[in-house]
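Please find below some notes on the model you sent.

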Amino acid sequence: MTTLHFSGGTIWRGAGAPTARSLLVQAGVIVAFDDEADATADAARETEHVESVDLEGGFLMPSFGDGHAHPLFGGLEAEGPAVRDCATVDEIVTAVAEFAAANPEVEWIIGASYDPSLVEEGLFDAHWLDAAVADRPVVLRAYDYHTVWVNSRALELAGIDAQTPEPELGQIMRRADGSPLGTLREWGAVDLVLDAASVRPAEERMRALRRAGEYYLERGVTWVQDAWVEPGDVDSYLDAAERGILPVRFNLALYADPRHFAAQLPVMRESRRRVDALGSPMLTANTVKFFADGVIESETGALLEPYCTGLHDHGERGRGMTVWEGDSLRDAVLAVDAAGFQVHIHAIGDAAVRQALDAVERAIDANGPRDRRPVIAHAQLVDEVDLGRFAGLGVVACMQPLWAQLDPLMTVLTVPRLGRERADRQYRLRTIDASGAVLSFGSDWPVSSGAPLDGLAVAVSRRTSAGDPEGGWTPEEILPVERALAAYSTAVAHQAFADEASTPWGRIEPGASADLVHLARDPRDVPAGELAGIAVLATYLAGTPHLAGSPRYRAAT
Ligand SMILES: [Zn+2]
């Protein structure tokens with residue numbers, strides 16, 4: 001039984017709670033703090049080895065959680081052509097050509113994720129990729145993960161040509177003669193090629209999960225909500241959990257598809273049953289994921305009032321895309337809630353947020369009271385009258401603080417589409433937190449950085465990494481640092497039902513799992529501009545340390 005005695009720094013126990021100066025952990029569980037921890041450690045030293053951990057003037061807190069991310073996607077990015085940092089189309093084409101030459105055995109070249117703003121309106125041409133690879137299909141995901149760019153061979157194998165009708169819930173971008181351009185938007189179109197693609201080998205997926213977990217451990221994260229899991233992905237997670245190679249805790253959100261929802265519910269129950277039967281503390285599958293809409297930048301986010309711009313003449317003008325028509329979202333949420341699942345609804349535009357809140361309200365009315373902790377993810381634009389409903393309905397607002405800044409994505413793609421007035425009503429972090437709702441944070445990695453400190457820096461400043469604008473964008477929504485820390489730790493634990501785990505985690509109190517992060521500096525004492533640069537010195541999962549600079553996660557060796 002390993003005993004750890006932490007001292008020499010600030011031990012943060014949650015927003016508003018008194019800090020501690022020492023902490024004792026035995027067999028992965030927190031047993032005491034302050035005087036009692038010191039006395040117990042002294043007594044234990046008589047009979048066993050007690051490891052003293054010097055916090056070196058730093059900051060120990062409950063480890064971070066990521067309330068909304070796509071770790072399998074993130075981990076898989078490293079398996080394909082590396083296009084994430086490419087600054088031009090030419091660089092992407094070169095990276096794909098190099099990958100193809102180095103990997104002649106790969107049948108389907110699948111890469112991620114390119115910057116869709118490199119080309120006007122995000123309209124990427126298949127012919128550009130044909131110049132890199134013509135004989136094998138190539139599929140690249142844009143970093144919004146709602147769009148793909150493919151070559152001509154992929155279009156051919158997917159059977160997409162000038163005669164292909166527009167799919168439900170998707171757009172095939174076309175040339176003037178009606179032939180497909182090479183850019184496909186949203187599931188209905190994206191799935192046409194992904195369904196034709198060969199499945200990624202199991203070993204590749206195991207590597208991806210391990211890589212994703214290690215990415216998180218290095219950044220202080222020990223729990224991740226995978227916000228989009230298909231049945232084949234459940235198998236991968238189960239396999240990894242069984243082999244003991246999941247480096248962090250994961251909860252799976254099983255993807256609900258309006259096109260086949262009726263057939264999905266029994267499969268979801270079975271997935272949850274299999275995960276429960278395994279009984280791993282690293283894996284749960286308690287959640288069902290719905291997309292209520294798309295994203296603002298593609299004008300697929302669902303708005304109450306029309307967009308200020310229009311995308312050519314491809315149909316998706318006006319108010320954006322509603323994924324679940326009529327009462328179908330309400331009915332599906334009702335069914336999933338009745339089956340005891342937590343719901344997790346992607347809702348970006350104000351119309352989608354309202355539809356999601358209405359669906360949750362209906363489920364509560366129909367199925368009666370219980371501790372359900374429904375989640376609305378993103379909540380980028382919320383109508384004034386809906387702001388108070390999060391608290392009223394017990395809905396967790398899982399928001400992405402990193403997005404609350406005037407970066408090029410915002411100024412070039414978002415603000416012109418929403419117009420100034422609506423643009424300034426985005427990401428109401430402070431208002432929602434102050435309303436009494438649980439505000440949790442997530443990164444949406446690999447859509448954007450999975451490092452909580454990157455998000456926290458924006459949450460407490462609403463400035464870009466260059467410091468713009470002075471004083472912050474919509475500064476009334478700047479979050480106090482303690483509230484931001486809570487949103488990325490204890491609030492995510494609430495979202496995760498961590499208090500109901502066999503050993504609860506997400507808080508520093510006796511009986512809780514020692515899931516902790518050791519930061520080099522106290523985030524409450526540093527200027528916002530330096531927050532992202534604070535070193536993560538160690539991440540503890542059930543008392544096992546992952547130390548900065550160590551070659552790999554120690555528990556896995
Ligand atoms: Zn997402």
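1. In this predicted model, three residues coordinate the zinc ion at 2.2 Å: His 68 and His 70, each through NE2, and Asp 444 through OD. Along the chain these donors follow the spacing H-x1-H-x373-D. Distant parts of the chain are linked in this way, since His 68 belongs to strand E6 (residues 64-69), whereas Asp 444, 376 residues apart from it, sits in the loop between strand E18 (439-441) and helix H16 (452-459). Both His 68 and Asp 444 are buried.

2. Strands E6 and E18 also belong to an open sheet of eight strands, with parallel pairing and the order E6-E12-E13-E14-E15-E16-E17-E18. Each of E6 and E18 has a single partner strand and stands at an edge, so one side of each lacks a neighbour in the sheet. On average, neighbouring strands of this sheet are turned by 25 degrees against each other, direction ignored. Helix H11 (residues 350-367) packs on the sheet, where it touches strand E15 (342-347) and strand E16 (375-378); the direction of H11 makes about 165 degrees with that of E15.

3. Strands E13 (residues 249-255) and E14 (residues 283-291) run parallel and are joined by five bridges, with Leu 254 having Val 288 as its bridge partner in E14. E16 and E17 are parallel and joined by three bridges; here Ala 377 has Cys 398 in E17 as its bridge partner. E17 and E18 likewise run parallel with three bridges, and the partner of Cys 398 in E18 is Ser 440.

4. Which way do the side chains of strand E17 (residues 396-399) point? Val 396 and Cys 398 point one way, Ala 397 and Met 399 the other, and all of these are buried.

5. The largest nonpolar core comprises 118 residues, and Phe 290, Phe 390 and Phe 441 have the most contacts inside it. Apart from that core lies another, of 20 residues, including Phe 124, Ala 132, Val 138 and Trp 149. Beyond its neighbours within four places in sequence, Phe 290 is in contact with several residues, among them Ala 256, Trp 324, Leu 329, Val 333, His 344 and His 346. In soluble globular proteins, nonpolar side chains tend to be buried together.

6. A separate point concerns the open sheet of five strands, ordered E7-E8-E9-E11-E10 with mixed pairing. Its edges are strand E7 (109-114) and strand E10 (171-174); each has a single partner strand, so one side of each is left without a neighbour in the sheet. The twist from one strand to the next averages 25 degrees. Strand E8 (residues 138-142) pairs with E9 in the antiparallel sense over three bridges, and Arg 141 stands opposite Val 148 in E9. Helix H6 (residues 186-194) packs on this sheet and touches E8, E9, E10 and strand E11 (180-185), its direction making about 120 degrees with that of E11.

7. The side chain of Thr 147 makes a polar contact of 3.2 Å with the side chain of Asp 144. Leaving aside neighbours within four places in sequence, the contacts of Thr 147 include Tyr 114, Leu 140, Arg 141, Leu 184, Val 190 and Ser 298.

How values were computed. Residues are numbered from 1 along each chain as its sequence is written. This is a predicted model: local features need pLDDT of at least 70, side-chain atom pairs count only at pLDDT 80 or more; totals for chains, interfaces and linings use all residues. Side-chain values use heavy atoms; hydrogens and water are left out. A nonpolar core is a set of buried Ala, Val, Leu, Ile, Met, Phe, Trp, Tyr and Cys residues joined through side-chain atoms within 4.5 Å. Buried means under 20% relative accessible area, exposed over 50%, partly exposed in between (1.4 Å probe, protein chains only). Contact means heavy atoms within 4.5 Å. A polar contact is a pair of N or O atoms within 3.5 Å; within protein, one must be able to donate a hydrogen and the other to accept it, and residues adjacent in sequence count only if both atoms are side-chain atoms. Donors are N, O and S atoms within 2.8 Å of the metal (3.2 Å for Na, K and Ca); water is not among the atoms, so sites may look incomplete. Helices (H or I, at least four residues) and strands (E, at least two) are DSSP runs, numbered from the N terminus. Two strands pair if DSSP finds at least two bridges between them. Axes are lines fitted to C-alpha atoms, for helices over the stretch in contact, and angles run from 0 to 180 degrees between N-to-C directions.
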